[in-house]
Amino acid sequence: MEYIQDNIDDELKNLEDSEDIQEDDSDEPKETYVFSEPLYLLKLDYSQETFYATNPETNIGRSDFVIVPTRYGEDIARVMGSVKSPINCTPRDVVQIIRKATAHDLQRFEENKKKEEEAERVFKEKVELHQFEMKFIGCHYLLEEPKLIFFFSADTRIDFRKLVRDLVSVFRVRIELRQIGVRDESRITGGLGSCGRPFCCHAINDKFKPVSIRMAKEQGLSLNSLKISGQCGRLLCCLAYEHDWYKEAKKNLPEAGVSFYYDNAIFKIIEVNPLTEIIVLAGDDGRVLNIPAKRLEKENDKWRIKN
């Protein structure tokens, strides 16, 4: 039984994000920042990455396109709307919009999309030629720089220098190959989750904090890897999205395992549901009670049922 449990624990651990997980459980107020206004949320259509930008001299509306510096180089981005309270962002993360995209920029943007279809074909052909175990995810021509980016996934690290030389000889521009993880792949390609809605990372927010098994435990979910993992094979993004709510809601609720005397029996809390605010108690006389959380109170650091 111990061997089986170890295998289950290892399987669950593999679902967690690989980066170090540091959860902030302190009740100290978070640092607040002052941002320039107006502040906009922008998205790169080809990678589904979002970031914040500002330019007080430009009249910008939702669904407009703008030219901005990105981590790949100067490029075109879509305006998702104005923002009052940015998420996981500091003032130094905000970029300056260079200008609003012109009709000529938009025409080149559409032309590049057609060129990217040919680039995909060539990339797959060259990968097959070199017999690399690489999965093509997407590619993109930067609008303001002679640069072509390819996104791919692979199970191992790959020395693709020969592939880069081949691609440079074909396209005559700077080539950048970016190996991405499973979460990034899902963010770019999109799809429907087990809830029937588009992936959170694709449609809602790409800046979730790392997801841990602890988040699933605190939300009272079954630790069945098939039920708490997404199409990417990692823990569901929504576990992190909802974790703060559950953590706050449980502050005023007792923990499972707490025991106290009530109605001539010793009762133990076996389940706490923050959503319904129902507490399930099991008595040593065989009784099981479902009571509203508001009937419990903490007195002298001990829980009891109000009379």
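Which helix lies across E7 and E8, and at what angle does it run to E7? Helix H4 (residues 182–189) does so, running at about 60° to E7. The points below set this arrangement in the context of the chain.

1. Basis of the model. The structure is a predicted model, in which local features require pLDDT of at least 70 and side-chain atom pairs count only at pLDDT 80 or more, while totals for chains, interfaces and linings use all residues. Residues are numbered from 1 along each chain as its sequence is written, and side-chain values use heavy atoms, with hydrogens and water left out.

2. Overall composition. Of its 307 residues, 40% count as buried. Here buried means under 20% relative accessible area, exposed means over 50%, and partly exposed lies in between (1.4 Å probe, protein chains only).

3. Surface and contacts. The accessible surface of the protein chain comes to about 19,200 Å², and carbon and sulfur atoms hold 47% of that area. Accessible areas come from the Shrake-Rupley method with a 1.4 Å probe; for residues, only the protein chains shown count as cover. Among contacts (heavy atoms within 4.5 Å) with a separation of 6 or more, 57% are between residues 24 or more positions apart.

4. The E7-E8-E9 sheet. Three strands form an open sheet in the order E7-E8-E9, with mixed pairing. Strands E7 (135–141) and E9 (174–179) stand at the edges and have a single partner strand each, so one side of each is left without a neighbour in the sheet. From one strand to the next, the twist averages 20°. E7 pairs with E8 (residues 147–153) in the antiparallel sense over 6 bridges; two strands count as paired if DSSP finds at least two bridges between them. Within this pair, Lys 135 stands opposite Ser 153 in E8.

5. Helix packing on that sheet. Helix H3 (residues 161–171) packs on the sheet and touches E7, E8 and E9, its direction making about 140° with that of E9. Axes are lines fitted to C-alpha atoms, for helices over the stretch in contact, and angles run from 0 to 180 degrees between N-to-C directions.

6. Strand E3 and its partners. Strand E3 (residues 65–70) is mostly covered, with 5 of its 6 residues buried. E3 runs antiparallel to E4 (residues 73–82), to which 6 bridges join it, and the two strands form a hairpin with 2 residues between them. Thr 70 has Gly 73 in E4 as its bridge partner. A further 2 bridges join E3 to strand E6 (residues 99–100), again antiparallel, and Val 66 is bridged to Lys 100 in E6.

7. Positive phi values. Most residues other than glycine have a negative phi. Ser 63, in the loop between E2 (50–54) and E3, has phi near 80°; this residue is partly exposed, with a relative accessible area of 47%. Asp 301, in the loop between E14 (296–299) and E15 (302–305), has phi near 65° and counts as exposed at 65% relative accessibility.

8. Annotated region. An unreviewed UniProt entry annotates residues 99–126 as "coiled-coil region"; such annotations may be inferred rather than shown by experiment. In the model this span is 86% helix and 7% strand, and its end C-alpha atoms lie 37 Å apart.

Conventions. Helix = DSSP H or I, 4+ residues; strand = E, 2+ residues; numbered from the N terminus.
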